[in-house]
Amino acid sequence: MGQKIAVLDYGLGNLRSVSKAIEHVAPEAEVRVTDDHDWIRAADRVVFPGQGAARDCMAAIGEHHLNQAIREAVQSKPFLGICMGLQVLLDFSEENAGTELLGIVPGRVVRFADDMPGENELPLKIPHMGWSRVEQVQPHPLWEGIEDGSRFYFVHSYYVVPDEEEVVAGVTEYGVRFASALARENLFAVQFHPEKSADAGLRLLKNFVGWNP
Amino acid sequence: MGLAKRIIPCLDVDAGRVVKGVKFVEIRDAGDPVEIARRYNEEGADEITFLDITASSDERETMVHVVEQVASEVFIPLTVGGGIRKVEDVRRMLMAGADKVAINTAAVFNPEFVREAADRFGSQCIVVAIDAKRVSGEGEPLRWEIFTHGGRKPTGIDALEWARKMADYGAGEILLTSMDRDGTKIGFDNELNRAVAEAVPVPLIASGGVGNLQHLVEGITLGGADAVLAASIFHFGEYTIGEAKRYMAEHGIEVRL
């Protein structure tokens, strides 16, 4: 019997591309974009995507009453946060003049500095948009079959700074070295978009679908 | 190790079919956007841009289906431009599976639309497409103006000021086409590219004039672009995306291989 995978729906972000990519790597699974608490509770795994601004994202989570469902899922089943779905797990973001986040992973979210030197005599562009390498700083089942230093697709202006170094699973350099993947027990969360990262991204999603922490 | 410079093939779509003849030997149906997108993905394209050139509005809906189909098979960023005039158009494309929309003429007539779309969906999915033409004469300081309707209508708006304004209004990226170079195959207008790259803090996609692989390199080294967009050199099988990337890598440009 196929497993159930819930893609959390809170009205923001490109949820379709996330669900399509998961369906592609897990054709036997039942993938549902949903904010239904019962369905999320019954799901075998939860994917938490996200885009846009921190404050809008937190407001939308509130409006869809997903706060509790997210906390339960993080504690009980394989959970994959993507992009804003990583950032809102932390305590606090600098975005929108300061935004309180879910506080599931201790730490904060900060903006790239404006004046970081880039190439061809130009400053680094913000947002960080495009394909950057992810250094696998700790072994993890979700990295299986993905070469260390593989490139993934990123689009973001803010990055996470977790308090505890040991939760960092991947590091990327863009003016600064920042945590691009976090791992803790059954939680894995990435700043990049695996659903848009061609083969490396699909492999990570496939690893997630088969992950039994 | 830094960010890879992106190579973006661009496809014109008319009523759901790719036009301007794509000639790949192994392709069964050169008009099928899904098949072509799949092929570019396999070759290592970093993104794909579809430009909807459908003239009649009742056939516009077909673009939504094209995006849906491509998005369920090709897992790299997809941008859709052409006919994006209202917030509802943006939403429809994003729901269909596009990652970004390119807004061109509508931004010129109603700049607030860019702000509204960026506020609603995030800057990461709003690309502002700018068609610029050189208007300065010989010996005068360089100056470019914005043209609309495929480069036919002048607006009198200064290209650099416009690019700055659009970034300020929330554009996450600028897609800059030189109307002087588009279709010429003599290379980008890299003075234009460089001027815009220096004027805006957001990434720049250079477009218009690519005829060989050296032109792609120059767009980045001289023009300061973050990504290069090209159509015909890839469509007619002159070069594969892989060849383009290897050439760029040999010339010291970081690419995703």
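Predicted model: local features only at pLDDT ≥ 70, side-chain atom pairs only at ≥ 80, totals over all residues.
Ground rules. Local features here need pLDDT of at least 70, side-chain atom pairs count only at pLDDT 80 or more, and totals for chains, interfaces and linings use all residues. Residues are numbered from 1 along each chain as its sequence is written, chains are lettered from A and ligands numbered from 1 in the order written, and side-chain values use heavy atoms, without hydrogens or water.

Take A:Cys83. It sits in the loop between β4 (79–82) and α5 (84–87) of chain A. Helices (H or I, at least four residues) and strands (E, at least two) are DSSP runs, numbered from the N terminus. Is A:Cys83 buried or exposed? Buried, at 7% relative accessibility. Buried means under 20% relative accessible area, with a 1.4 Å probe and protein chains only. Beyond four places in sequence, A:Cys83 touches residues including A:Gly50, A:Val155 and A:His193. Contact means heavy atoms within 4.5 Å.

Next, A:Glu195. Its loop runs between β14 (187–190) and α6 (198–209) of chain A. A:Glu195 is buried too, at 3%. Its contacts, again leaving aside neighbours within four places, include A:Ser17, A:Leu205 and, from chain B, B:Phe75.

Which side chain makes a polar contact with that of A:Glu195? The side chain of A:His193, at 2.8 Å. A polar contact is a pair of N or O atoms within 3.5 Å; within protein, one must be able to donate a hydrogen and the other to accept it, and residues adjacent in sequence count only if both atoms are side-chain atoms.

How values were computed:
Buried < 20%, exposed > 50% of the residue type's maximum accessible area, 1.4 Å probe, protein only.
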